Every structure is written in C-alpha cells, then in structure tokens.
Amino acid sequence: MSAQPSHLSIDHTTTKNISKMASKAFNQIFSKDKTFRPKKRFDVGTMKYNLHKQANASLNSGIDLKEVVKLPPGEDVNDWVAVHVVDFFNRINLLYGTVFEHCTEQSCPTMSGGPKYEYHWCDGVNYKKPTALPAPQYITLLMEWVEAQINDENLFPVQVGRPFPKNYLSVAKKILKRLFRVFVHVYIHHFDNLLAIGAEAHVNTCYKHFYYFVSEYNLIDKRELEPLREMTERICH
C-alpha cells in the first residue's frame with residue numbers, strides 16, 4: 001500500500017510478555033499530564049465493572065489476544081461489546097494524548113491516513129454534511145461525540161436488567177469505526193513520535209487487541225480497515 005510508511009517497524013516480542021507489560025506501560029508512558037480527555041469508568045459493583053475487570057485480567061494474564069476477545073461463557077455479547085467500546089475509547093484517548101502536541105492544523109491540515117485516505121466529519125447536528133477539517137479538530141469532535149454516546153444511558157444502559165436499544169449495535173459499530181480512524185492517522189502520520197518515546201510495542205499491542213476484537217464480532221467493514229491492511233497483516237496474522 002503506497003500510503004503505508006516504510007518506517008513502521010514490527011515488535012517481535014512474544015504476545016505473552018507484551019500483554020503483561022501493556023497495562024503498566026500505558027500508565028507510565030501515556031499518563032504524563034497529556035491525557036486527551038478524562039477516562040470513562042464503570043461504577044464499582046456493577047456487572048459492567050466486573051466484566052471490565054475480567055477483560056483486563058485476561059489481557060494482562062499472557063493469554064493469546066485472539067483468546068482474550070472471546071465472549072466469556074454465560075455473558076451477554078452486548079455487555080461485552082459495551083465494555084470494550086469504553087475501554088478502547090480510554091486507550092485511544094491516551095494514545096492520541098501522547099502525540100497531539102505534534103498534531104496541529106499546520107502539520108495535519110486534513111484528517112487523513114496518507115495520500116489515499118481522507119476522512120470528513122459529519123455529526124448530523126453542527127456538521128450536517130461531511131466536512132473536511134484539520135486532524136486535531138476532527139479528532140477532538142470525534143472524541144467528544146464518542147464520549148456523549150457512551151455516557152448516554154439510553155444507548156449504553158448501566159442498570160442491571162435494563163435492555164439495550166435496538167440501534168445499540170449500529171451505534172457501537174460507528175464508534176469503533178471512528179476510533180479506528182485515530183489509529184490510522186497516528187500510525188501513518190505520527191509513528192515517529194511514538195518511536196521517540198518508546199511506545200511502539202505498547203501501541204501495537206493496543207492495536208492488535210482492537211483488531212482481534214472488531215474482527216471476532218464483525219464490527220468494522222473490511223473496507224474501513226484497508227488503510228492499515230499491510231501493517232495488520234504483518235503484526236496480526
């Protein structure tokens with residue numbers, strides 16, 4: 001893929017060792033007062049909190065990431081997806097927070113993933129038609145939009161027994177599709193910045209976790225994944 005930069009080196013550390021390091025590394029590397037937005041958290045004692053803890057425990061246990069994303073026995077797939085949507089939102093916030101000072105309207109005048117891919121913003125409210133925006137403005141609007149969705153208890157119910165709405169899965173898919181675009185922009189335009197702080201292996205782990213999850217439940221159309229196809233084939237297959 002011509003848009004894929006040649007400097008995307010691949011971390012060959014075993015998945016087991018990376019998984020054990022990932023959580024600690026994200027805190028150490030991605031928490032230098034550069035957090036892009038505050039974390040969304042689940043209330044202690046709720047079912048989603050317990051699922052969140054279970055997911056993180058599996059992620060840090062050294063289990064193969066392809067196994068980590070599988071639905072635990074007896075759990076509801078909608079709850080499992082909701083927990084991961086929130087987790088990926090938090091992690092991708094932190095990821096972008098490490099490079100956002102390098103992502104300016106001057107350096108990134110369009111929200112793109114190389115010369116072949118450009119994303120336009122549309123939220124149906126303030127931007128009713130797809131609009132070309134500088135990358136930092138696009139990503140700010142994207143994160144604010146995602147945060148509003150996951151904080152809406154009509155879409156992401158918190159109370160036990162409260163059903164998910166009929167449009168829940170389509171909203172979750174849209175969130176994940178848009179979060180993937182942040183991966184695209186960061187990998188293709190800011191990977192040197194990640195290398196400079198030694199975050200490559202940890203970002204690769206985060207991306208692999210994300211990719212295996214959306215692939216397991218068919219949550220993102222393959223055409224949307226095309227900008228990172230070559231890199232994905234190297235680190236995920």
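User: Hi! Which residues do ring pairs link into a cluster?
Analyst: Phe-88, Phe-180, Phe-183, Tyr-187, Phe-191, Tyr-207, Phe-210, Tyr-211, Tyr-212, Phe-213 and Tyr-217. Rings of Phe, Tyr and Trp (its six-membered ring) pair if their centres lie within 6.5 Å; planes under 30 degrees apart are stacked, over 60 edge-to-face, the rest tilted. This is a predicted model, where local features need pLDDT of at least 70, side-chain atom pairs count only at pLDDT 80 or more, and totals for chains, interfaces and linings use all residues. Residues are numbered from 1 along each chain as its sequence is written, and side-chain values use heavy atoms, with hydrogens and water left out.

User: Nice. How many aromatic pairs does the structure hold?
Analyst: There are 17. Among them, Tyr-96 and Phe-100 make a tilted pair, 6.5 Å centre to centre with 40 degrees between the planes.

User: Is Tyr-96 buried or exposed?
Analyst: Tyr-96 is buried, at 1% relative accessible area, while Phe-100 is partly exposed at 35%. Buried means under 20%, exposed over 50%, and partly exposed in between (1.4 Å probe, protein chains only).

User: Switching topic: what about helix 6?
Analyst: Helix 6 covers residues 168-189 and reaches 32 Å from its first C-alpha to its last. Helices here are DSSP runs (H or I, at least four residues), numbered from the N terminus.

User: And what sits over the ring of Trp-145?
Analyst: The charged end of Arg-178, 4.5 Å from the ring centre. The cut-offs are NZ of Lys or CZ of Arg within 6 Å of the ring centre and within 35 degrees of the ring normal.

Terms used: Helices (H or I, at least four residues) and strands (E, at least two) are DSSP runs, numbered from the N terminus. The expected span of a helix is 1.5 Å times one less than its number of residues.
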